[in-house]
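These are my notebook entries from one sitting with the model.

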Amino acid sequence: MALEVFIRGGAKVDGRGVKRLHGAFRPWEDPIPEASDHRLEGIRGKDLFDEPPARFGRMDLLSKLTLGCAFHALSDAGDPASPPPVEGIILGSWAGCLMTDLNYYLPVCDKGISEAGPSLFSYTLPNVALGEVCKELGLTGPNTVVSMGRASAVAALVTAFHWIRSGRAECLLAGGAEAVDGKVRKYLRLPMDSDVESGAFFLVLEGGGSTDPGIRIASAAAGFQSRKQARLRQGGAGSGIDELWRSLESGFQGRLEVNAVTDEGFTAGLTLISELSDG
């Protein structure tokens, strides 16, 4: 019999601050400038950790957001003295490490190899962010990066659901992170008022028995449809994450359908069942 999959905790990091699923909102100590290319440009270790990792200041923005949000999601999922046995992590990201790639390669293309920055080069693959998480949080299980446009974060949750159901892992971090500035927006042809912003979102998913209380993911699927079918299903392109987070925060009861759709017709969807008691 396949394991049921439950949401044990989660966290969200954006330009306003840090929010744990079961905790209070923690605004940034120092306001982040609205006018910067990406509002989290000046994020520091002390903004996310009481005791920041020694390497935090050297990381690229994608790694900082991924690590910080993963840490808060794990902290939210249980007693710090006995956290859930998270094995691995699945990151969904549309832009991935594109910001770092552009910052590294554009000077090289313009002025030559002498402009190559070794500290940037080490972050020119998106899975490096997962390496930082695994190293700092002690994860030794499976990990991967999923890139499916706006649907990347939901697609990562779909992947985690199937990994747990198939027995590949018992407990995983899954969600999305984006590092976006003006150059990335231009390259991806995003309008300046696009809702794709720097930030991160992670949930802790754990397998359990059918009698466990909590929010259960009843089903999850991803695939391609025609653009017309996709837009009829979603009512327009979107990531699905804002809807999911609002519903989880509000303590929804009953059944929830969350769908993410790209302009190309890729769809990723979850069906959640809330089995939390009123008490």
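**Helix α6.** I began with helix α6, residues 152-165, which has 14 residues and reaches 20 Å from its first C-alpha to its last, close to the 20 Å expected at 1.5 Å a residue; the expected span is 1.5 Å times one less than the number of residues. Helices here are DSSP runs of H or I with at least four residues, strands are runs of E with at least two, and both are numbered from the N terminus. I then asked how many of the residues of α6 are buried. I found 11 of its 14 residues buried, so that the helix is mostly covered; buried means under 20% relative accessible area, exposed over 50%, and partly exposed in between, with a 1.4 Å probe and protein chains only. Among the buried residues of α6 I noted Leu157, Val158, Phe161, Trp163 and Ile164. After the helix comes Gly167, with a positive phi near 90°.

**Basis and confidence.** I keep in mind that this is a predicted model, in which local features need pLDDT of at least 70 and side-chain atom pairs count only at pLDDT 80 or more, while totals for chains, interfaces and linings use all residues. Residues are numbered from 1 along each chain as its sequence is written, and side-chain values use heavy atoms, with hydrogens and water left out. The chain averages a pLDDT of 85, and 84% of the residues score at least 70; pLDDT is the predictor's confidence in each residue, from 0 to 100. Where is confidence lowest, and where is it highest? I found the lowest mean, 55, in helix α8 (residues 227-234), and the highest, 97, in strand β4 (residues 88-92).

**Largest pocket.** Next I looked up the largest pocket, whose volume is about 540 Å³. Of the 25 residues that line this pocket, Asp195, Glu197, Ser239, Ile241 and Asp242 are the closest to its centre. For the terms, I note that on a 1 Å grid over the protein atoms alone, a pocket is an open set of points with protein on both sides within 12 Å along at least five of seven lines, a cavity is a set where a 1.4 Å probe fits but cannot get out, and lining residues have an atom within 4 Å of a point. Grid points are joined across faces, edges and corners, and a volume is the space filled by probe spheres set on the points. Helix α6 returns here, as β1, α6, β6 (171-178), β7 and α9 (241-250) each supply at least two residues of the pocket lining. By class, I recorded eight nonpolar, eight polar and nine charged residues in that lining; Ala, Val, Leu, Ile, Met, Phe, Trp, Tyr, Cys and Pro count as nonpolar, Asp, Glu, Lys and Arg as charged, and the others, Gly among them, as polar.

**Largest cavity.** The structure holds one cavity of 30 Å³ or more, and about 40 Å³ of space lies in the largest cavity. The elements that give two or more residues to its lining are β1 and β2 (17-20), and β2 supplies the largest share, three residues. I listed Lys12, Asp14, Arg16, Gly17, Val18, Lys19, Phe25 and Trp245 as lining this cavity, and by class they are three nonpolar, one polar and four charged.

**Salt bridges.** I counted 10 salt bridges, taking each as a side-chain nitrogen of Lys or Arg within 4 Å of a carboxyl oxygen of Asp or Glu. One of them joins the side chains of Glu206 and Arg8, at 3.2 Å from N to O. Because Glu206 lies in strand β7 (residues 199-208) and Arg8 in strand β1 (residues 4-14), this pair ties together parts that are 198 residues apart in sequence. Arg8 is partly exposed, at 21% relative accessibility. In another pair, Lys183 and Asp181 meet at 3.5 Å; Lys183 is partly exposed at 34%, whereas Asp181 is buried at 4%.

**Two leucines in α2.** Last, I looked up Leu65, in helix α2 (residues 61-76), and found it buried at 1% relative accessibility. Its C-alpha is separated by 9.0 Å from that of Leu48, 17 residues apart along the chain. Leu74 is also in helix α2 and is buried at 15%; its C-alpha and that of Val204, 130 residues apart along the chain, are separated by 6.7 Å.
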